[in-house]
Amino acid sequence: MEALDTRGLLALTAIAESGSVSAAAAALGWSQPTVNHHLRNLERHLGGTLIEKSPRGSQPTAVGNLVVSRAVEILGLCERLGDEVALWREAQAVPVRIGAVPTVGARVIPKLHHQLQRRPRWKVPDEPDETGRSGVVAALDVTMDEHAKLVARLESGELDLALLVSTDVDRAWIPATLTARHLYSEQLFLCVPRSVGPVPIDEHGLPDFTAVHAQTWAFSIDPGDAIDEVVRSFCLAAGFEPRVGMRMDDYAAIIRMIAAGLAVAMIPESSLPDDSAIDVIPMPLSACRRDVLLVSRRQTPGARAQARRRDPIVAAHDAAIAEVIADVGAVTAQWR
């Protein structure tokens with residue numbers, strides 16, 4: 001089969017995104033005849049009509065939508081290859097794409113970067129010493145995002161690793177395609193405005209959530225946030241549904257809202273406020289906690305080893321990921 005020309009994929013995805021050949025040409029910096037030329041070549045190569053044109057614009061056909069989804073993956077890999085080669089030429093480093101929920105990323109990533117900078121260069125596994133190659137180093141490509149988006153990017157291969165969180169009542173989110181390693185656990189704290197008054201604590205160390213039933217809660221933007229599920233479970237056990245008054249993922253902003261009397265929230269230990277206007281009530285670890293996990297794609301060891309033997313790029317990438325995993329373990333050991 002004749003090699004696929006990625007310019008046709010670029011033309012197709014640009015038309016799908018913009019809705020017309022003229023808009024696609026403007027986005028790509030091409031002429032309209034050039035866009036049409038590469039689209040026709042792609043259709044001829046694949047043996048099907050990919051775009052339907054109408055007075056309202058141009059839209060992918062049913063098979064065109066399938067090709068668009070694959071084209072996004074192919075073009076993404078091409079872009080990643082260019083980035084990796086450029087990084088290797090500049091720094092002889094192999095990029096490792098790591099995602100993190102912001103609160104964990106802000107705590108771990110700077111320390112991880114520092115740890116990687118201290119690490120000496122290492123050899124690609126199974127490469128004979130007599131080759132004389134100098135070895136490679138890992139370089140971080142960091143994405144901070146919502147939990148659900150990071151999981152999707154891991155599954156699609158856009159990320160190699162992710163620092164995610166879970167709770168005692170929230171274990172089902174890990175798909176079968178992913179594997180998780182526990183790094184450390186954080187205590188959770190119920191934070192309320194001091195103006196609310198004392199919150200009673202029972203004999204098990206649990207706060208009485210009915211004391212805040214009239215308050216509005218600050219929840220995460222992510223609808224599946226692990227801590228939000230903890231809050232909801234305790235409120236439902238107390239006989240009411242928590243009333244969400246705001247959604248944000250910036251704990252510094254949430255803390256200001258609590259101090260102003262506008263919200264109550266559950267805050268992890270790493271983001272605790274130091275404000276006299278806020279009462280901080282510890283939750284017993286036996287009742288709940290936030291687990292920080294290092295998540296990666298699940299792979300068959302035999303198949304991966306076979307791919308490594310025939311592909312030095314895979315071997316170098318695997319070695320870089322292994323170094324990052326080791327250093328994540330080292331920098332998070334202090335919080336276990």
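In strand β12, H182 has L293 as its bridge partner. This is a predicted model: local features need pLDDT of at least 70, side-chain atom pairs count only at pLDDT 80 or more, and totals for chains, interfaces and linings use all residues. Residues are numbered from 1 along each chain as its sequence is written, and side-chain values use heavy atoms, with hydrogens and water left out.

**Exercise 1. Find which strands pair with β12, and state whether β12 is buried or exposed.**

Step 1. Helices (H or I, at least four residues) and strands (E, at least two) are DSSP runs, numbered from the N terminus. Two strands pair if DSSP finds at least two bridges between them.

Step 2. Take β5 (residues 161-167). Seven bridges tie β5 to β12 in the antiparallel sense. V165 has V292 as its partner in β12.

Step 3. Take β6 (residues 178-186). β6 runs antiparallel to β12, with eight bridges between them. R181 is bridged to L294 of β12, and H182 to L293.

Step 4. Check burial. Buried means under 20% relative accessible area, exposed over 50%, partly exposed in between (1.4 Å probe, protein chains only). Seven of the eight residues of β12 (residues 290-297) are buried, so this strand is largely enclosed by the rest of the structure. For the protein chain, 44% of the 336 residues count as buried.

**Exercise 2. Give the strand order of the five-stranded open sheet and name its edge strands.**

Step 1. Read the order: β4-β3-β5-β12-β6. The pairing is mixed. Strands of a sheet pair through backbone hydrogen bonds, either parallel or antiparallel.

Step 2. Find the edges. β4 (137-144) and β6 each pair on one side only.

Step 3. Axes are lines fitted to C-alpha atoms, for helices over the stretch in contact, and angles run from 0 to 180 degrees between N-to-C directions.

Step 4. Place the helix. α7 lies across β5 and β12, at about 5° to β5.

**Exercise 3. Describe the three-stranded open sheet and the helices that lie across its strands.**

Step 1. Order the strands: β10-β7-β11, paired antiparallel. β10 (265-268) and β11 (278-282) are at the edges with a single partner strand each, so one side of each has no neighbour in the sheet.

Step 2. Look at one pair. β7 (residues 188-193) and β10 are antiparallel and share four bridges. C191 faces A265 of β10.

Step 3. α7 (residues 226-237) lies across β7 and β10, at about 135° to β10. α8 (residues 251-259) lies across β7, β10 and β11, at about 140° to β10.

**Exercise 4. Work out how α1 crosses α3 and which residues make the contact.**

Step 1. The axes of α1 (residues 6-18) and α3 (residues 32-46) come within 8 Å and cross at roughly 110°.

Step 2. Classify the angle. Under 35 degrees counts as roughly parallel, over 145 as roughly antiparallel, 65 to 115 as roughly perpendicular and the rest as oblique. α1 and α3 are therefore roughly perpendicular to each other.

Step 3. List the contact, meaning heavy atoms within 4.5 Å. α1 gives R7, G8, L9, A11, L12 and I15; α3 gives V35, H38, L39 and L42.

Step 4. Sort by class. Ala, Val, Leu, Ile, Met, Phe, Trp, Tyr, Cys and Pro count as nonpolar, Asp, Glu, Lys and Arg as charged, and the others, Gly among them, as polar. The contact has seven nonpolar, two polar and one charged residues.

**Exercise 5. Describe how β1 and β2 are joined, then locate A333.**

Step 1. Pair the strands. β1 (residues 51-54) and β2 (residues 57-60) are antiparallel over four bridges. I51 is opposite P60 of β2. A hairpin of two residues links β1 to β2.

Step 2. Move to A333. A333 sits in the segment after α10 (312-332). Its relative accessibility is 37%, so A333 counts as partly exposed.

Step 3. Compare sequence and space. A333 and Y184 lie 149 residues apart in sequence, with their C-alpha atoms 7.5 Å apart.
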